[in-house]
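Take a look at the fold before reading on.

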Amino acid sequence: MEDLIIMSNPSELCCTENKEKKFREYNVNKQGDYIQKRVRETYKKMHTNQTVEFALNRKASWTKFDKGGMTIMEVLEKLNGVVDEADPDLDIPNNFHGFQTAEKIRKAHPELDWFHLTGLIHDLGKVMILFGEPQWAVVGDTYPLGCYFADSVVYQNITFNENLDMKDTRYNTKIGMYTEKCGLENVLMSWGHDEYLYHVLVNHKSSLPDEALYIIRFHSFYPWHTSGDYNYLCNNKDMAMLPWVKEFSKFDLYSKSKDIPDVKSLLPYYQTLIDKYIPGVVQW
């Protein structure tokens, strides 16, 4: 795999309107703001209901892959009508964000076609919403279950008070049910679109490299890749993959814009990448 070249100033890759824009502002005082209210309510439900028992049950249910077969492009089309209720930055359908992210990556890393495709598909796990999964169990930042909730988790100080795991001595300490350096592959993450799409791709035997699978599985794990928490759970492979997740995060975040890409003109290029790395009908 080609060595990762970290950009010194990711904002240079953004469109002009975003250079001064602040992202991921979770303002508990903006009571009259519709988007902020929607985000708070989504996280409150998530942080109350995402327990070890819940995540194990959802993982067991969704990894039956019994929702039918669809190609990657068919799922992208279905996400035309999905708006992420946990995103404080944008209120546009999710598939546009996928193309925005992919094109920013393509501009910065023109030779890494797997990275372009990763940008396009990273949120496809949100298709769970269309099968009836509530958004609080699909979208938003992810974090480990079965141990304490780090201060960097969004709304940590106001939304976990009713989570049953906080009262369980097996789970409410720093190490919880884990051991030091156990590796993220052995950590139970809050259930959501990251984890789901990762398992879908593994089940399909996608030829995407490990770097892509890590990005897909952990791109919403902001307490780790942005705040530096939970490193005590990580093994050497996790730390080696961390720069790729951090690099991806810049494009995922700074590509956000109300400028809608010309999706029709981009479809032929991305179809060739799908045919290369995730061909055929995928079981969801």
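## Helix α5 against helix α8

Helix α5 (residues 113-121) packs with α8 at an angle of about 20°, and their axes are 10 Å apart. The two helices are therefore roughly parallel to each other (the term covers angles under 35 degrees). Their crossing is right-handed, the near helix being turned clockwise from the far one by less than a right angle. From α5, Trp-114, Phe-115, Thr-118 and Ile-121 make the contact; from α8, Glu-211, Ala-212, Ile-215 and Ile-216 do. Contact means heavy atoms within 4.5 Å. These residues divide into 6 nonpolar, 1 polar and 1 charged.

This is a predicted model: local features need pLDDT of at least 70, side-chain atom pairs count only at pLDDT 80 or more, and totals for chains, interfaces and linings use all residues. Residues are numbered from 1 along each chain as its sequence is written, and side-chain values use heavy atoms, leaving out hydrogens and water.

## Helix α7 against helix α8

Helix α8 (residues 210-218) also meets helix α7 (residues 193-204): the axes come within 6 Å and cross at roughly 150°. On the α7 side are Asp-194, Glu-195, Leu-197, Tyr-198, His-199 and Leu-201. On the α8 side are Leu-213, Ile-216, Arg-217 and Phe-218.

A salt bridge joins the side chains of Arg-217 and Glu-195 (2.8 Å, N to O). Arg-217 lies in helix α8 and Glu-195 in helix α7, so the pair ties together parts that are 22 residues apart in sequence. Arg-217 is buried at 9% relative accessible area, and Glu-195 is buried at 7%. Buried means under 20%, exposed over 50%, and partly exposed in between, with a 1.4 Å probe and protein chains only.

## Salt bridges across the chain

How many salt bridges does a search of the whole structure find? The search finds 10. Each has a side-chain nitrogen of Lys or Arg within 4 Å of a carboxyl oxygen of Asp or Glu.

One of them pairs Glu-133 with Arg-58, with the closest N and O atoms 2.7 Å apart. Glu-133 sits in the loop between α5 and α6 (156-159) and Arg-58 in helix α2 (residues 52-62), so the pair ties together parts 75 residues apart in sequence. Glu-133 is buried, at 6%.

Lys-276 and Asp-113 form another salt bridge (2.8 Å, N to O). Lys-276 is in helix α11 (residues 263-277) and Asp-113 in helix α5, 163 residues apart. Lys-276 is partly exposed at 48%, whereas Asp-113 is buried at 17%.

Definitions and conventions
Axes are lines fitted to C-alpha atoms, for helices over the stretch in contact, and angles run from 0 to 180 degrees between N-to-C directions. Helices (H or I, at least four residues) and strands (E, at least two) are DSSP runs, numbered from the N terminus. Angles under 35 degrees count as roughly parallel, over 145 as roughly antiparallel, 65 to 115 as roughly perpendicular and the rest as oblique. Ala, Val, Leu, Ile, Met, Phe, Trp, Tyr, Cys and Pro count as nonpolar, Asp, Glu, Lys and Arg as charged, and the others, Gly among them, as polar.
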